[in-house]
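Please keep the sequence and the structure at hand while reading.

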Amino acid sequence: MDPTTDNAGSSGGARSALESLRTEISKAVVGQDPAVTGLVVALLCRGHVLLEGVPGVAKTLLVRALAASLELDTKRVQFTPDLMPSDVTGSLVYDARSTEFSFQPGPVFTNLLLADEINRTPPKTQSSLLEAMEERQVTVDGTPRPLPEPFLVAATQNPVEYEGTYPLPEAQLDRFLLKLTVPLPSRQDEIDVLTRHADGFNPRDLRAAGVRPVAGPGDLEAARAAVAKTTVSPEITAYVVDVCRATRESPSLTLGVSPRGATALLSTARAWAWLTGRDYVIPDDVKALALPALRHRVQLRPEAEMEGVTADSVITAILAHVPVPR
């Protein structure tokens, strides 16, 4: 990212602070810049992220390093088949001394919640996150309790091992702003990872690795205000709509992108435009966020899937055919 203009006096400092996150997180995580950028975009848009990657590619470490760099609270929940909704949201606990029930907050009361292997828990517990993600509150015994701000759910799932899992339903997938793929590292990146470990790097001690807060909630608020002022022309809005409508007409898909998906694509494109130093959105911003914003909102036809077609390939083909505004 190379900022060239500032939207406002404070937004330039906020942009610089958020850009420095990449450098800070790279002290702990090697070679996952796109995922870092996606998480920052989600924070700017007040959205949530689904991280997909095989075990051992530093998904958990990535979220912890982001929280440490932003000076935010983070908690991790390992989703298992016996996890109950109250294990996530919290519950009322009887106090024998006061003879009253008091609310014991669950791990969802944090800034960055890492929902590890979310597809390993039954739908009832998966859905316990829906209210938190959509309304930014949880209701226990009829009482709504607001969650801290900022609040982001980073849910992980393993793309290769489906035995004993409960795939997320389309309605819940649609609640995630972005689906980010966390790939295996390149050969050189993997060498760098092993070299760090040989030199004494401890992933459980980020402070010893030199990870320090370089931005905070104030920078995030200033950045969100600047993103909200980023200009979107009618031509860009129409382009986003045309891309999303094309998914509904694709012969390879049984389910296309909903209006919520179009809104997500537009908001993330605005955040990306601001991060790259502009106060207006261009078609390339839409193209840059189309895959992570839309890939989890479409459903392939079985015959297309058997032929090796993927959601990413369908969206890429649509981007190549939908006319780009001048």
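**Salt bridges and packing**

E117 and R120 are joined by a salt bridge, with 3.2 Å between the closest N and O atoms. The model is a predicted one.

**Charged pairs**

- The salt bridges number 14 by the distance rule used here.
- Side chains of opposite charge can pair when their charged atoms come close.
- In the pair named above, E117 is partly exposed because its relative accessible area is 23%, a value between the cut-offs of 20% and 50%.
- A second salt bridge brings together the side chains of R175 and E134, at 3.1 Å from N to O.
- R175 sits in the loop between α7 (170-173) and β9 (178-181), while E134 belongs to helix α6 (residues 128-135), so this pair ties together parts that are 41 residues apart in sequence.
- R175 is partly exposed, with a relative accessible area of 25%, and E134 also counts as partly exposed, at 40%.
- In a further salt bridge, D312 pairs with R295, and the closest N and O atoms are 2.9 Å apart.
- Because D312 lies in helix α14 (residues 311-321) and R295 in the loop between α12 (283-294) and β11 (299-300), the pair ties together parts that are 17 residues apart in sequence.
- D312 is partly exposed at 25% relative accessibility, whereas R295, at 12%, is buried.
- R46, E149, E221 and R224 make up a network linked by salt bridges.

**Nonpolar cores**

- In soluble globular proteins, nonpolar side chains tend to be buried together.
- The largest nonpolar core holds 73 residues, and L18, L44, L265, W274 and L294 have the most contacts inside it.
- Beyond its neighbours within four places in sequence, L294 touches V243, C244, V257, G261, L265 and I315.
- Another core lies apart from this one and has 23 residues, including V88, I118, M133 and L147.

- Helix α9 (residues 217-228) is 12 residues long and spans 17 Å from its first C-alpha to its last, close to the expected 16 Å.
- Buried in α9 are L220, A222, A223, R224, A226 and V227; R224 is also part of the salt-bridge network with R46, E149 and E221.
- Helix α12 also has 12 residues, and its span of 16 Å from first to last C-alpha is close to the expected 16 Å.
- In α12 the buried residues are P283, D285, V286, L289, A290, P292, A293 and L294.
- Cover for the buried residues of α12 comes from elements that include β9, α10 (234-248), α11 (259-275) and α14.

**Surface patch**

- Which residues form a nonpolar patch on the surface? They are L92, Y94 and F101, which together have about 320 Å² of accessible area.
- L92 belongs to strand β3 (residues 90-95).
- With 32% relative accessibility, L92 counts as partly exposed.

Conventions:
Residues numbered from 1 in each chain as written. Predicted model: local features only at pLDDT ≥ 70, side-chain atom pairs only at ≥ 80, totals over all residues. Heavy atoms only, no water. Patch = residues over 30% accessible without salt bridge, like charges linked within 9 Å, V, L, I, M, F, W, Y side chains within 5 Å. Areas by Shrake-Rupley, 256 points an atom, 1.4 Å probe, with all protein chains shown as cover. Salt bridge = Lys/Arg side-chain N within 4 Å of Asp/Glu carboxyl O. Helix = DSSP H or I, 4+ residues; strand = E, 2+ residues; numbered from the N terminus. Buried < 20%, exposed > 50% of the residue type's maximum accessible area, 1.4 Å probe, protein only. Core = buried A, V, L, I, M, F, W, Y, C linked by side-chain atoms within 4.5 Å. Contact = heavy atoms within 4.5 Å. Expected span 1.5 Å × (residues − 1).
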